[in-house]
Amino acid sequence: MRYEEYDSLIMGEENCICYITDLENYDMIHLTKKGMELYNISSPEEYIGQKCYRILQGLEEPCPFCTNKKLIPGEKYCWEHYNEKLNRWMGIEDSLVQIDGKYFRLEHARDITLQKEQWKRLSDQLTVEEILVECVQILASEDNYDTAFQRFLERLGRYYRANRAYIFEFELDKGLIHNTYEWCAANVTAEIDNLQNLPIDCISNWLKKFKETGEFFITSLNQVIDKESEEYKLLVAQGINSLLAAPLYTDNQIVGFIGVDDPTNSTDDLTLLRASSSFVIEELKKRRLIKRLAYVSYTDLLTGVKNRNCYSEVLQKYTAKPPQSLGVIFADVNGMKQINDTYGHKYGDKMLTMVSDILKTVSEDSIYRIGGDEFVILFENIEEDAFQQKSLELKNTFDMDRECDVSLGCAWMDQNPDVNQLIVLADEQMYARKQSYYKKVLENGHQTRVGIASEVLKELKNHQFIVFYQPQINIKTGKITGAEALIRKKGINGELIAPDRFIPYYELEGVIRHIDLFVLESVCQTLNNWKKNDINLKIAVNFSRVTLLEPNIVERIVGVCKKYNVEPSQITLEVTESISKMEHRHLHYLIESLISHGFNLALDDFGSKYSNLSILNELDFDTIKIDKSLVDQLEGCKKSQIIMRNTIRMCKEMDILHTLAEGIETSGQMELLADYDCEYGQGFYFSAPVSLDAFNQMLSEEY
């Protein structure tokens with residue numbers, strides 16, 4: 001539509017300030033000639049397609065006071081606004097106009113500056129008492145303290161017709177003053193950012209005047225103040241010629257002041273400034289109290305970092321709206337109970353403070369103390385390399401520190417990260433690394449409580465754990481080709497306790513590594529003995545995700561094999577799908593390292609619950625162990641048969657070397673598995689888990 005066509009829509013308005021804009025993108029569509037004159041625009045090309053807020057208000061983003069959402073077809077919206085760009089008051093009438101089936105904003109504006117000035121002159125004739133009541137109402141009725149003080153200062157500044165109105169507060173213990181609130185008239189530059197952390201000595205003359213006369217009026221800087229003084233230099237730098245100021249008292253002590261710069265009205269009467277100061281100080285006290293309560297509610301008062309309340313709110317925020325990426329560092333102080341018991345809680349508190357100070361070297365405001373000796377750091381929207389660098393930096397700092405012994409766990413994720421999963425991963429890694437501390441404490445014979453770790457090591461030393469072996473059978477030949485090593489525990493009365501009664505607890509406590517490594521060592525000893533009798537079988541050993549998180553775990557596993565002269569190819573390490581929850585980089589490094597050393601890798605419990613097929617795409621497994629839950633329903637269940645048959649076929653097509661079905665209990669199950677070309681089987685149909693002696697007897701009958 002051409003300029004003339006838009007003009008025809010608003011026929012008779014050519015002598016008015018009138019314009020049309022696009023509601024969706026704020027583009028200027030049309031501006032009348034009167035409007036173009038007002039804004040010094042010579043032709044439509046200068047504004048068409050430009051943003052209305054830039055052309056009309058001189059802003060770089062949509063106006064915070066935009067009324068687009070308030071417009072209703074067929075109704076007019078009338079309001080007043082002071083245009084900073086024009087330095088004029090405008091009376092505005094907004095409506096919607098339909099063009100080619102689409103609604104646009106149509107605005108008529110008229111200059112009401114003269115009327116406003118007339119009203120202002122009348123307004124200034126109000127008594128001080130009326131203005132004071134208005135100021136008190138502003139301070140008392142506004143819930144937001146920042147808004148209340150801003151409105152109050154604006155009223156004060158306009159009453160005195162000043163360039164600026166402000167509040168300064170003292171930080172007496174540090175000898176500093178701060179400009180905490182400021183209002184500026186149109187075209188007056190804000191100074192609040194330049195007036196922070198000033199030495200209180202720079203207003204020593206003011207403090208003297210406040211004590212002698214209360215409020216005061218400096219009529220002219222050049223005539224009243226020494227030009228060589230810091231006071232003069234500070235005021236001149238702000239372009240101030242004159243000012244009014246009144247002190248703020250608390251308990252007979254000056255704690256701040258109110259001031260206005262370059263007042264031109266009522267300078268002979270400082271009653272309003274003096275009277276309003278008492279109300280201001282009361283509101284400042286309320287604000288400080290609320291800030292203090294908020295600080296106490298969200299801050300750990302011992303260390304100064306954020307507390308568990310704040311931590312819980314942040315978790316809720318991240319759960320509802322995850323950041324683009326998130327890094328988590330979990331830190332736990334080692335031996336905190338021993339420190340408190342040995343050196344006292346005062347030293348323990350000092351230790352926690354020292355730990356928090358070290359944590360602050362990598363993060364200023366995202367550290368949370370979530371327990372007595374536990375801290376979490378959350379890094380929002382951080383690149384993986386930067387996060388790893390901070391983690392390494394923190395680890396090195398603690399390693400070099402002679403007093404603070406801390407275990408760290410780290411995890412990073414992008415693409416809608418799950419904060420709760422990340423915290424679990426970091427917590428697990430921290431527990432895995434904490435085992436080296438427990439081991440060191442126990443080896444040094446320290447009399448300290450290291451929880452369940454010491455109990456497990458004591459039980460291992462007392463031979464309360466036994467390794468059983470369950471044969472793994474070649475389904476086609478019926479021959480034993482290997483075994484799975486399974487842990488059992490002796491009860492008080494000598495009864496055997498099944499692993500499901502203690503393994504989950506050990507995993508939760510982060511001490512499962514002792515069991516996993518004990519089983520591996522027992523298996524390697526068995527393989528070494530078999531080697532002497534020319535028996536060459538593979539044995540599968542289960543490893544928990546928590547154990548695999550331990551630093552240098554691959555070197556530890558390799559070391560055990562070397563100790564007994566066992567080739568890694570004789571060991572199959574069984575892991576569950578839960579390892580996929582490990583941090584991506586660490587997981588791939590771990591798997592690649594194990595494979596490079598020659599270990600076989602088996603994925604256990606495949607098909608249980610909600611199996612994630614993507615793990616087969618990400619990691620290389622030698623064997624897939626199909627869960628008993630699928631085997632149980634093979635006979636008589638068409639769906640189970642389809643799933644089993646296609647699972648085995650999928651593994652072969654993916655070049656996974658072996659498939660093994662667990663929990664085989666009937667000949668019918670075995671026959672179906674043979675038909676589906678499943679290679680190996682394991683279950684009560686062949687044999688329950690048996691002691692090493694019983695398994696050796698089975699081997700002697702076969703070999």
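How close do the axes of helix α12 and helix α13 come, and at what angle do they cross? I looked that up first in this predicted model, where local features need pLDDT of at least 70, side-chain atom pairs count only at pLDDT 80 or more, and totals for chains, interfaces and linings use all residues. Residues are numbered from 1 along each chain as its sequence is written, and side-chain values use heavy atoms, without hydrogens or water.

**Entry: α12 and α13.** I found that the axes of α12 (residues 336-343) and α13 (residues 345-359) come within 7 Å and cross at roughly 140 degrees. That makes α12 oblique to α13 (angles under 35 degrees are roughly parallel, over 145 roughly antiparallel, 65 to 115 roughly perpendicular, and the rest oblique). On the α12 side I noted Met336, Ile339, Asn340 and Tyr343 in the contact, and on the α13 side His345, Tyr347, Gly348, Met351 and Leu352 (contact means heavy atoms within 4.5 Å). By class, six of these residues are nonpolar, three polar and none charged.

**Entry: α14.** Next I checked the length of α14 (residues 384-400): at 1.5 Å a residue its 17 residues should span 24 Å, and the end C-alpha atoms are 24 Å apart, which agrees. Glu384, Phe387, Ser391, Leu394 and Phe398 are buried here (buried is under 20% relative accessible area, exposed over 50%, with a 1.4 Å probe). Seen down the axis, the buried residues of α14 fall within an arc of 95 degrees, so they line one face of the helix. Turned away from that buried side, I see the exposed Asp385, Asp399 and Met400.

**Entry: whole chain.** I logged 26 helices and 24 strands (DSSP runs of at least four residues for helices and at least two for strands). Of the 703 residues, 49% count as buried.

Conventions: Axes are lines fitted to C-alpha atoms, for helices over the stretch in contact, and angles run from 0 to 180 degrees between N-to-C directions. Ala, Val, Leu, Ile, Met, Phe, Trp, Tyr, Cys and Pro count as nonpolar, Asp, Glu, Lys and Arg as charged, and the others, Gly among them, as polar. The expected span of a helix is 1.5 Å times one less than its number of residues. The arc is that of the directions from the helix axis to the C-beta atoms.
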